[in-house]
Amino acid sequence: NTPHYITYLFCGNLVFSCFNESTGQGMLSLMGNSGIFTKVNVPKYLFLLSKNIQTLINFGLTLCVFFVFCILDNITFTWKFILLLYPICCLVLFNIGVGLILSALFVFFRDIQYLWSVFTQLLMYMSAIFYTIDNYSPMVQNLFLLNPIYLFIRYFRKIVIEATIPTIWFHLLMAADVIIVLVLGCWIYKKYNTRFLYYV
């Protein structure tokens, strides 16, 4: 009974696939290029950024397909679609932050690759991709806001399907999640930068 369910589902898959692909490839970026930075002194975060650029290109192509589906689903395009740049930028920065953390941890703990795949599977079910949270109590609905991926998905659905702009606090909550993860990732890289060479 969800209006524009195809678009609703596509929004969730679009955002989550970008997150999953970016963090999955980002986690392996250091180890995958260990033969380069062990011989040449290059900024190690460049390998992660290259993976994110590749993912962003894929995301952009899929976004074009998404807009075609919006047309087929009789979605009305408004000027508010420009605001989608905000969650897209936040998502890219969030992916970089998570990638910095994962790629650093993967150098020291190789089993994190399997743990991350299990975590992302659980995260997918917790992000309301193919179901709605309207039937849950207000308290449970607020718990979903603790999931940054749900925030990105919700923003897309607000703009595309509901044609409404999220509140200021919603914007600030997304920004706070991004800043926390990005700062933590940069701190880990800076602290363990010289130790990566001994574990690759």
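## Exercises on a salt-bridge network, a pocket and a core

Arg-154, Lys-158 and Glu-162 form a network joined by salt bridges (a side-chain nitrogen of Lys or Arg within 4 Å of a carboxyl oxygen of Asp or Glu). The model is a predicted one, in which local features need pLDDT of at least 70 and side-chain atom pairs count only at pLDDT 80 or more, while totals for chains, interfaces and linings use all residues. Residues are numbered from 1 along each chain as its sequence is written, and side-chain values use heavy atoms, leaving out hydrogens and water.

**Exercise 1.** Find the largest pocket and say which residues lie nearest its centre.

*Solution.* 
- Step 1. The largest pocket holds about 450 Å³ of space. On a 1 Å grid over the protein atoms alone, a pocket is an open set of points where a 1.4 Å probe fits, with protein on both sides within 12 Å along at least five of seven lines; lining residues have an atom within 4 Å of a point. Grid points are joined across faces, edges and corners, and the volume is the space filled by probe spheres set on them.
- Step 2. Of its 22 lining residues, Asp-134, Tyr-150, Arg-154, Lys-158 and Glu-162 lie nearest the centre.
- Step 3. Helix 8 gives the most to this lining, with four residues. Helices here are DSSP runs (H or I, at least four residues), numbered from the N terminus.

**Exercise 2.** Now go inside: which residues touch the most other members of the largest nonpolar core?

*Solution.* 
- Step 1. The core has 54 residues, and Phe-19, Phe-66, Phe-94, Ile-149, Phe-152 and Phe-156 touch the most other members. Such a core is a set of buried Ala, Val, Leu, Ile, Met, Phe, Trp, Tyr and Cys residues joined through side-chain atoms within 4.5 Å.
- Step 2. Helix 5 supplies the largest share, 12 residues.
- Step 3. Phe-94 lies in helix 5 and is buried, because its relative accessible area is 6%.
- Step 4. Beyond four places in sequence, the contacts of Phe-94 (heavy atoms within 4.5 Å) include Phe-19, Ile-149, Phe-152 and Val-181.

**Exercise 3.** Which elements do the buried residues of helix 9 pack against?

*Solution.* 
- Step 1. Helix 9 has 25 residues and spans 36 Å from first C-alpha to last, close to the 36 Å expected at 1.5 Å a residue (1.5 Å times one less than the number of residues).
- Step 2. Among its buried residues are Asp-177, Val-178 and Val-181, and Phe-94 is in contact with these three residues.
- Step 3. The buried residues of helix 9 pack against helix 2, helix 4, helix 5 and helix 8.

Note on methods
Buried < 20%, exposed > 50% of the residue type's maximum accessible area, 1.4 Å probe, protein only. Helix = DSSP H or I, 4+ residues; strand = E, 2+ residues; numbered from the N terminus.
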